[in-house]
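I opened my notebook to look up a few packing details. I wrote down each one as I found it.

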Amino acid sequence: MIWNTERECADRQQMQELQSRELAAMIRRMQENVPFYRDKFREEGIEPGDIRSVEQLKQLPFTTKADLRDNYPFGLFTVPQTDVVRIHASSGTTGKPTVVGYTQGDIALWAEVVARSLTMAGIHSGDTIQIAYGYGPFTGGLGLHYGAEMVGATVIPISTGNTKKQLQFMTDFKATILACTPSYAAHLGESILKEGISPADIRLRIGVFGAEPWTNEMRTEIEKLLSIKAYDIYGLSEVIGPGVSMECACQCGNHVFEDHFIPEIIDPETLEVLPDGALGELVFTTVSKEAMPLLRYRTRDLTRLHHGKCDCGRTLVRMEKCLGRTDDMLIIRGVNVFPSQVESVLMEMAETTPHYQLIIRRENNLDTMEIRVEINEENWSDSIRELEGIRRLIDHNIKSMLGIGAIIKLVEPNSIERSEGKAKRIIDERNKP
Amino acid sequence: MLIKQLSVFLEDRSGRLTELTRILAENDVNITALSVAETADYGIVRLVVGRPELAKVALEKAGFSIGLTEVVCVNMPDKPGSLYRILEILTDEKINIDYMYAFSNKAVALAVIRAADAAHVIEVLQQHRLQLLTQSDIYQL
């Protein structure tokens with residue numbers, strides 16, 4: 001089923017006309033209400049009234065996370081504070097949090113795109129959805145919440161953590177849908193096994209997972225653990241939260257709700273717009289948002305866009321699973337390494353679990369990467385020969401995937417801290433004094 | 001005749017073995033035999049205890065990962081050549097030993113033997129009238 005056929009299946013011309021109208025209106029709102037944009041347009045010699053077509057988007061300036069920080073907390077709002085009905089903030093790993101405001105219209109828009117997303121995964125009224133994303137300033141919990149109510153599902157707003165209670169609600173309330181981060185989904189799946197809960201008591205059929213990058217191998221693992229079909233929901237709080245793009249049943253990329261969030265792929269070095277199918281940094285322009293629209297916001301996520309037709313009937317452009325963030329990318333001895341690559345290697349091996357951690361150090365001016373891998377609790381041998389065999393196999397597979405060697409350390413099951421929010425996969429000790 | 005040996009995967013972290021033995025002590029589990037196999041990064045502790053199932057539950061509750069491995073425990077006279085005789089028998093039968101550990105205290109001399117086909121080991125050693133211990137023998141040691 002398709003939630004909003006008119007928008008999700010619009011032909012390219014209709015979509016571009018809509019985007020052009022919305023873009024012109026957004027530029028006008030920015031010019032009138034926000035000194036930051038007014039100054040920027042003047043500096044770049046842009047006459048806001050001249051912007052009439054989405055084709056002109058590439059002439060407009062970018063917005064970066066640093067701009068959000070410089071205008072902390074409310075400097076980029078285009079509406080008076082009285083119109084703002086909610087504020088979310090993402091925990092900044094460095095410095096100030098990123099603040100996002102929503103009007104009533106924005107909240108309704110958000111519910112709509114999440115409703116579209118859930119419908120895309122086959123979720124409908126009659127489903128019971130356990131929302132194990134954090135509720136609070138993080139956009140995951142409340143973002144999923146209103147969209148799930150909009151499709152008429154029964155919502156269990158349990159938030160994250162408290163695994164015992166998660167399992168109790170999941171079985172007692174017969175949850176059919178689980179929404180959380182993929183690493184927490186894997187953790188719940190393992191806990192079900194450990195608690196010895198009978199598969200008959202778990203009614204889950206679909207998982208909606210996002211908020212951290214995950215690989216297709218991790219998907220397979222989670223689907224097996226929970227006996228569900230797992231879908232990727234993509235979003236970032238700066239744009240709106242979850243519901244920026246979503247996977248359909250074809251699972252050939254995430255459909256971007258481009259009537260609201262216009263995507264572009266740019267070369268992060270030259271800032272040139274790249275053609276369909278080229279790998280680059282994803283950029284969004286949030287044309288219809290009221291409280292805090294963003295112009296060409298650089299997400300730092302690396303992916304590709306595809307405009308080809310999808311078998312599900314939607315015409316919305318698709319983005320591939322993000323390879324990682326430009327700032328997740330590790331440069332180790334001059335080689336680009338994405339944690340997702342390490343994850344795919346580990347997921348393919350039955351002897352290990354989806355839980356790993358990368359520790360990067362600099363010893364004698366040489367970068368070293370240590371990969372800590374939990375052995376599989378169900379499936380470990382007490383023979384050193386076999387364990388060393390596993391270690392060597394990981395070592396070999398990592399080397400052939402990345403082209404550089406790593407130090408593989410086998411660690412006890414459950415010894416790597418489980419994230420109830422986002423997984424802490426990387427510890428980079430190189431810049432520590 | 002099969003003895004359930006506890007196998008514990010331990011990271012190379014100080015105090016882990018102490019913690020393990022503390023839990024066994026608190027649960028009144030007696031250790032009959034113990035060996036540690038170590039690599040640079042981790043070790044495997046193998047234990048023959050009086051009540052392996054109880055010990056497994058208690059250790060798992062404390063966050064250890066425990067495997068139960070089937071081993072054979074053979075009682076031999078505490079005099080030169082006893083172990084040689086046993087190993088010669090196993091070699092003749094082309095049984096490959098994964099690992100073993102042994103101890104004696106005059107009253108008993110025991111060898112704990114792990115091989116892929118434990119049932120075969122039992123069969124062979126019994127044919128040679130060697131005394132194998134049962135789980136309840138261990139409990140009474």
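**Ground rules.** I am working with a predicted model, where local features need pLDDT of at least 70, side-chain atom pairs count only at pLDDT 80 or more, and totals for chains, interfaces and linings use all residues. Residues are numbered from 1 along each chain as its sequence is written, and chains are lettered from A and ligands numbered from 1 in the order in which they are written.

Entry: I looked up H6(A), residues 139-150. Helices here are DSSP runs of H or I with at least four residues, and strands are runs of E with at least two, numbered from the N terminus. H6(A) has 12 residues and reaches 17 Å from first C-alpha to last, close to the expected 16 Å. The expected span is 1.5 Å times one less than the number of residues.

Next I checked burial. A residue is buried if 20 or more other C-beta atoms, placed from the backbone, lie within 10 Å of its own. Nine of the 12 residues of H6(A) are buried, so the helix is largely enclosed by the rest of the structure. Among them are Gly140(A), Leu142(A) and His145(A). Just after H6(A), Gly152(A) takes a positive phi of about 90°.

**Entry: H7 against H8.** At what angle do H7(A) and H8(A) pack? I found about 80°, with the axes 10 Å apart. Axes are lines fitted to C-alpha atoms, for helices over the stretch in contact, and angles run from 0 to 180 degrees between N-to-C directions. The two helices are therefore roughly perpendicular, a label for angles of 65 to 115 degrees. In H7(A), Thr163(A), Gln166(A) and Leu167(A) meet residues of H8(A), including His187(A) and Ile192(A).

**Entry: a sheet in chain A.** I traced an open sheet of four strands in the order S20-S19-S18-S21, with mixed pairing. Strands pair if DSSP finds at least two bridges between them. S20(A) and S21(A) are the edge strands, each pairing on one side only. The twist averages 20° from one strand to the next. S19(A) and S20(A) pair in the parallel sense over five bridges. Helix H11 of chain A packs on this sheet, touching S18, S19 and S20.

**Entry: chain B meets chain A.** I noted that 14 residues of chain B are in contact with 14 residues of chain A. Contact means C-beta atoms, placed from the backbone, within 7 Å. Strands S1, S3 and S4 of chain B each supply at least two residues of its side.

Key
Angles under 35 degrees count as roughly parallel, over 145 as roughly antiparallel, 65 to 115 as roughly perpendicular and the rest as oblique. Two residues are in contact if their C-beta atoms, placed from the backbone, lie within 7 Å.
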